[in-house]
Amino acid sequence: MVAVGYTLMSEQTAPKQLVDYAVRAEHAGFDHAVVSDHFYPWLESQGHSPYAWSVLGAVAHATQRIDLMSFVTCPIRRYHPAVVAQKAATVGVLSDGRFTLGLGAGENLNEHVVGAWPHVRQRHEMFEEALQIIPPLLDGETLSYSGEYYDVPEAYLWDRPATRVPIAVAASGPTSCELAGSYADGLIATEPDPEVIALFDDAGGAGKPRYGQVAICYGPDEQECRRIVHDQFRWFGLGWKVNADLPGPEAFESATGFVREEDVAASIPCGPDLERHVAAFKRFVDAGFTHVALVQVGGASQPMFLDWAERELVPRLREL
């Protein structure tokens, strides 16, 4: 059975509300909750971007059962890899072992706040060094490391959960799948692409968890849902190469000026039709994902969505 997840979308929701929605998602029967780790929202209309790790600590304390995950944290610019390991271990303790550390090579949108955004080749080199630093620390080793980008003269994590925090790595092509297969305990992908899973399996990932994410917009009025999706999620179709390099919400506003409402609605199901939302989720199931987190687009609609998900959506997804 595929694990059904809920996305704590920090770009569209204030921190206290995120904690409340996590508690409600646990009550609604979701298996896991993932939280985005941004400094900026994609678009100004989303309106939020709290610090994900403070939210994770609060959610870990406020919930009892639901698994938690960063989706995803970039350990190459804003955060030093050793500090990421410490944060992950602490959330692992606070959650009694319910936390998975999701990692990715990041976006200019969030990382340029501390300096220039490196070239993609350099980013992958930095990311691999980070993946050489974080696992030994989570394993309880005293680490001394000297690389081209990072130095760790000596580091040891004094507080770790009884079970080591697992790591999942975001991947979309051969290079990132190779890193994920070599260093991670699971794969993260935002497209239901069986080829990515095959690349991950070939790189050593066979039998490991695969985490996906699917955006939907549930609501009684399909036209209003289409309007919300266009207003807040029209960046969605730009593609990773574009999304990774644009520097801020203003740039995303400019880059998406040509995107029509019908363009976004063609890829994100909108409205009250249960089976349309189930079909979007099922694409990930059919591609071989073991965990799929839903994004309900629109911060104001979360309470309505969670009530509906408890009554109708989660039970229906359990049938897949």
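How many aromatic pairs does the structure hold? The structure, a predicted model, holds 15 aromatic pairs.

**Figure 1. Trp42 and Trp235 form a stacked aromatic pair.** The ring centres of Trp42 and Trp235 are 4.2 Å apart, and the planes meet at 15°. Because planes under 30 degrees apart count as stacked, the pair of Trp42 and Trp235 receives that description. Trp42 belongs to the loop between β2 (32-35) and α2 (52-62), while Trp235 belongs to the loop between α8 (222-233) and α9 (240-243), so the contact ties together parts that are 193 residues apart in sequence. Trp42 is buried, with a relative accessible area of 5%. Trp235 is also counted as buried, at 8% relative accessibility.

**Figure 2. Trp53 and Phe99 form an edge-to-face aromatic pair.** Between the planes of Trp53 and Phe99 the angle is 70°, and the rings are 5.6 Å apart from centre to centre. Trp53 lies in helix α2 and Phe99 in strand β4 (residues 99-103), so this pair ties together parts that are 46 residues apart in sequence. Trp53 has a relative accessible area of 7% and is therefore buried. Phe99, at 1% relative accessibility, likewise counts as buried.

**Figure 3. Five aromatic residues form one cluster.** The members of this aromatic cluster are Tyr6, Phe30, Tyr218, Phe305 and Trp308.

**Figure 4. A charged side chain sits over an aromatic ring.** The ring belongs to Tyr79, and the charged end of Lys87 is 3.0 Å from the ring centre. Elsewhere along the chain, 232 residues from Lys87, is Glu319; the C-alpha atoms of Glu319 and Lys87 are separated by 36 Å. Glu319 is found in the segment after α13 (302-317), and at 59% relative accessibility Glu319 counts as exposed.

**Figure 5. Arg210 and Asp201 meet in a salt bridge.** A search of the whole structure finds 18 salt bridges. In the one shown here, the side chains of Arg210 and Asp201 meet at 2.8 Å, N to O. Arg210 is buried, with a relative accessible area of 11%, whereas Asp201 is partly exposed, with a value of 25%.

Figure 6. Glu261 is partly exposed, with a relative accessible area of 22%. In the other bridge, Glu253 pairs with Arg234, with 2.6 Å between the closest N and O atoms. Glu253 is partly exposed at 30%, while Arg234 counts as buried at 10% relative accessibility.

**Figure 7. Three charged residues are linked in a network of salt bridges.** The residues in this network are Asp37, Arg78 and Glu111.

**Figure 8. Phe39, Val113 and Val114 form a nonpolar patch on the surface.** Together, these residues have about 240 Å² of accessible area. Val113 is found in the loop between α4 (108-111) and α5 (120-138). With 33% relative accessibility, Val113 counts as partly exposed.

Note on methods. Residues are numbered from 1 along each chain as its sequence is written. This is a predicted model: local features need pLDDT of at least 70, side-chain atom pairs count only at pLDDT 80 or more; totals for chains, interfaces and linings use all residues. Side-chain values use heavy atoms; hydrogens and water are left out. Patches are made of residues with over 30% relative accessible area and no salt bridge: like charges are joined within 9 Å, nonpolar side chains (Val, Leu, Ile, Met, Phe, Trp, Tyr) within 5 Å. Accessible areas come from the Shrake-Rupley method with a 1.4 Å probe; for residues, only the protein chains shown count as cover. A salt bridge is a side-chain nitrogen of Lys or Arg within 4 Å of a carboxyl oxygen of Asp or Glu. Helices (H or I, at least four residues) and strands (E, at least two) are DSSP runs, numbered from the N terminus. Buried means under 20% relative accessible area, exposed over 50%, partly exposed in between (1.4 Å probe, protein chains only). Rings of Phe, Tyr and Trp (its six-membered ring) pair if their centres lie within 6.5 Å; planes under 30 degrees apart count as stacked, over 60 as edge-to-face and the rest as tilted. A charge sits over a ring if NZ of Lys or CZ of Arg is within 6 Å of the ring centre and within 35 degrees of the ring normal.
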